[in-house]
Amino acid sequence: MEIVRSQRSRTNTPNDSVSTLPLYRYAPQLEVRLEDFEVFAMDRLRVLKGISDALARGKRPEEMENLVRDLWKANMRHPEASEDVNKDIISHFVLRLVYCRTEDLRKWFLSMETALYRYRFLLGSSEAKRALMEEFDLPCKAISRTEFENAKEKLEQVARSFDQPLPTADAIFYKVPFEEVPELVAGRRVYIHKGHAYVAMHQVVSLVVTQFRSNLSKALILTNRKWTSTIREQEKDRLTPIVEALSMSYLGPDYSQTKEFGEISIKDLDQLARSSFPLCMRHLFDKLREDHHLKHGGRMQLGLFLKGVGLRMEDALAFWKAEFSHKVGAERFDKEYAYSIRHNYGKEGKRTDYTPYSCQKIISSTPGVGDHHGCPYRHFSEENLRAALGRMGVGSRAMEDVVDKVRNRHYQLACTLTFEAVHSSSCDAGINHPNQYFSDSHKILQPKVEIVI
Amino acid sequence: MTKEESKNGSDDMLIDGPKQGNVIPDGFNPNYLKVYYGRLFPHADIFKWMSYGNDGRHPACDKSYFGRREFSFTLDNDIYLRFQSFNSESELENSIKEKCPSKIDIGPVYSVDPAKRHAYAQGGDNVFAPVERELIFDIDITDYDDVRYCCSGADVCLECWPLMTVAIKVIDTALRDDFGFDHILWVYSGRRGVHCWVCDGKARRLTNEQRGAIADYFRVYKGNENSNKKVSFPGPLHPFLVRSYTEVLREFFEEKLLLSQNLFSTEERYEKILSMIPDESVTSELRGKWQENRRSSNSKEDINFFRWEQLKNTLQSGKQKVVFVFPLTQKIVKSWIQLQYQPCLSFYGNLTREILEWMLIMNGRKPHLGNQLGFSDHHSCSLC
């Protein structure tokens with residue numbers, strides 16, 4: 001892709017796919033105006049951000065399909081209709097540059113582009129779907145009549161279990177190694193036998209998406225290498241500032257560096273838990289005090305949160321040790337648990353500094369029996385949630401609003417309302433990170449302390 | 001050397017007893033380890049297993065394969081040595097005998113010999129990264145504490161161990177029939193559970209996502225004490241669930257567990273079960289019957305069986321086809337009551353993706369082969 005300043009763009013080559021859904025295999029041989037470079041990317045970013053928000057709010061697949069169609073229409077149309085496809089491809093490749101640079105960025109971009117691809121695929125016609133499947137070169141084979149007859153009963157059981165119509169005599173099924181369709185296997189949406197999954201026509205999106213994701217993942221690593229080795233330097237006056245600015249927008253702080261309010265000491269924790277922790281962390285904290293133990297998921301979620309809040313590693317070790325000693329003894333704590341706390345602070349193993357979990361990550365976790373992590377607005381029963389909110393001091397009117405949001409699966413909005421009720425002040429930005437809840441709360445509460453002094 | 005042996009032939013059997021008397025110290029003694037590694041530990045078998053055929057002579061053998069496997073040793077003073085690797089059977093054997101680890105963990109096979117890892121960058125083309133790792137399941141009897149009244153914690157008895165057997169049957173069948181794996185080793189973990197090692201090449205090369213998918217395939221009940229206990233699966237079931245029910249679970253529940261754990265015998269216990277049923281009219285009808293008849297009129301029949309039959313009949317007479325979940329267990333095995341044309345209670349092997357993930361990366365936590373002395377007899381690994 002060649003970037004030129006303020007010239008009329010000319011298309012030299014058509015895109016690399018017959019259908020309107022491109023494969024993004026190669027950067028297109030196009031000349032792009034510098035302004036378009038940025039504008040196209042911002043438009044696409046709006047689409048991706050919209051998808052990200054919707055997923056965090058737990059929207060259902062049908063809702064997602066409509067949302068994607070609307071977002072795409074609203075943002076990705078070009079004044080000249082024939083340029084639509086080019087805008088699609090160009091914006092994708094620009095964002096690759098932007099989001100290849102760290103693992104967190106790559107992960108986010110990969111998830112959103114994959115989701116976008118999935119719903120655009122589903123929105124396409126059967127013909128488009130079939131054509132795209134051939135382009136992708138997938139390791140699957142349509143099964144024969146005999147195979148179908150042998151598996152028919154099982155295939156019908158699967159269909160019935162999801163309230164799907166039973167497969168007809170001429171239904172097409174693809175036989176595929178189960179490794180290719182992990183999400184279908186995970187949801188028990190396919191019959192598998194001796195390592196092969198029997199995938200129905202309407203499920204092939206899973207195959208396509210898996211392959212798309214895998215291709216993009218590899219491409220991003222390569223892009224990162226090229227960026228670091230040549231492009232960044234070459235383009236330091238032109239593209240690099242734009243690329244770096246683009247990556248700052250929309251994702252917000254990740255709370256891995258705590259600068260604002262200095263350090264928190266252990267003796268403050270109980271009081272802070274009551275005044276400034278969001279419900280998810282307060283629940284974990286209370287359970288830890290009560291049981292003197294937390295399972296792994298809880299240790300991670302709470303531990304990283306406390307790190308983001310400003311708890312130093314030495315204090316963290318002392319804090320967890322004091323609690324766990326009641327249950328497992330100090331010696332066992334040192335042997336079995338201290339390592340992973342140091343690991344979280346980047347002092348062991350890979351020495352990655354792990355970042356505290358965002359709401360999106362917490363909401364999509366799956367706490368099992370004995371676990372206390374996750375998002376209470378999502379994972380608690382209504383009864384338990386009401387009790388917990390009551391203990392936080394949420395009044396009855398606010399409680400109804402919160403519960404109403406939960407019923408509509410707007411978990412983060414529910415948490416925002418809780419924040420507003422507890423602090424008697426509004427939170428316009430909305431909560432999307434537990435550490436954000438804490439820092440906003442701290443900001444509101446702290447001035448009072450200073451005045452007293 | 002057991003206590004019995006030492007008592008019976010006490011004077012003869014003592015080798016290095018203390019001067020005080022004929023007492024052989026109970027519990028662990030580091031000298032035993034020396035003997036164990038010297039005479040009992042199957043060095044050759046481990047080497048052969050972990051080589052997966054690469055110790056042969058034909059051209060396709062990868063001579064570097066065994067040397068790329070990480071082992072880690074826990075030494076007597078709790079020192080934990082990671083990234084131990086060996087290029088031959090004798091190197092492995094000598095190191096074990098010399099260090100006498102109290103625990104040996106087997107890690108993944110890396111892209112290069114772990115001893116050389118510092119020479120490789122984290123990113124780029126030449127990475128030091130895990131490339132193969134067996135698929136491992138870890139089932140712990142404490143995950144059943146919710147449904148066994150005979151024991152709790154690390155205790156196990158003949159009444160509750162069958163819960164483990166059932167889980168093993170369900171998982172083993174699915175691994176072979178559904179996923180097509182052949183080389184599966186089930187082994188007692190030494191304390192309170194079992195480990196399952198799936199060693200097929202395909203299994204060793206699974207990604208984290210694929211392992212997670214297998215775990216989710218087994219998972220039935222998602223929840224804990226905070227969430228709603230009533231989870232329903234309306235309608236018919238996936239072939240895996242159907243097979244597990246008909247071939248293993250129904251019989252086990254109705255003929256063994258019901259009675260051995262006295263699931264309906266007291267109010268506290270039957271309330272646990274009633275709390276799973278979403279239909280209030282059903283639960284209050286049953287509660288009414290059971291509160292009155294502290295002892296069933298037909299005292300020849302066991303009260304648990306009798307109440308279970310009553311529950312089935314009451315559910316069946318309700319016109320709805322209600323499917324509901326009975327969370328008998330914690331992470332590993334989930335059970336549910338399903339009413340379609342007849343109610344049934346089922347248990348499922350389940351695995352957390354956490355366990356599978358860290359089994360791959362060996363991120364400071366330890367899947368262990370080390371503690372139990374010797375292999376179980378009931379394994380089907382064709383390499384042995």
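Which residues are linked with Arg44(A) in a network of salt bridges? Asp88(A), Glu113(A) and Arg120(A) share that network. A salt bridge here is a side-chain nitrogen of Lys or Arg within 4 Å of a carboxyl oxygen of Asp or Glu.

The model is predicted: local features need pLDDT of at least 70, side-chain atom pairs count only at pLDDT 80 or more, and totals for chains, interfaces and linings use all residues. Residues are numbered from 1 along each chain as written, chains are lettered from A and ligands numbered from 1 in written order, and side-chain values use heavy atoms, without hydrogens or water.

**Exercise 1.** Describe the salt bridge between Asp172(B) and Arg176(B).

*Solution.* 
- The N to O distance is 2.9 Å.
- Both residues sit in helix H6 (residues 161-178) of chain B, four residues apart, so about one helical turn separates them.
- Asp172(B) is buried at 16%. Arg176(B) is partly exposed at 22%.

**Exercise 2.** Characterise the aromatic pair of Phe178(A) and Phe179(B).

*Solution.* 
- Rings of Phe, Tyr and Trp (its six-membered ring) pair if their centres lie within 6.5 Å; planes under 30 degrees apart are stacked, over 60 edge-to-face, the rest tilted. The structure holds 43 such pairs over all chains.
- Apply it. Phe178(A) and Phe179(B) are 4.9 Å apart, centre to centre, with 75 degrees between the planes: edge-to-face.
- Locate it. The pair crosses between chains, from the loop between strand S4 (173-177) and helix H7 (182-186) of chain A to the loop between H6 and strand S6 (184-188) of chain B.
- Both Phe178(A) and Phe179(B) are buried.

**Exercise 3.** Identify the ring under the charged end of Arg189(A).

*Solution.* 
- The test: NZ of Lys or CZ of Arg within 6 Å of the ring centre and within 35 degrees of the ring normal.
- The ring belongs to Phe162(A), and the charged end lies 4.0 Å from its centre.

Note on methods:
Helix = DSSP H or I, 4+ residues; strand = E, 2+ residues; numbered from the N terminus. Buried < 20%, exposed > 50% of the residue type's maximum accessible area, 1.4 Å probe, protein only.
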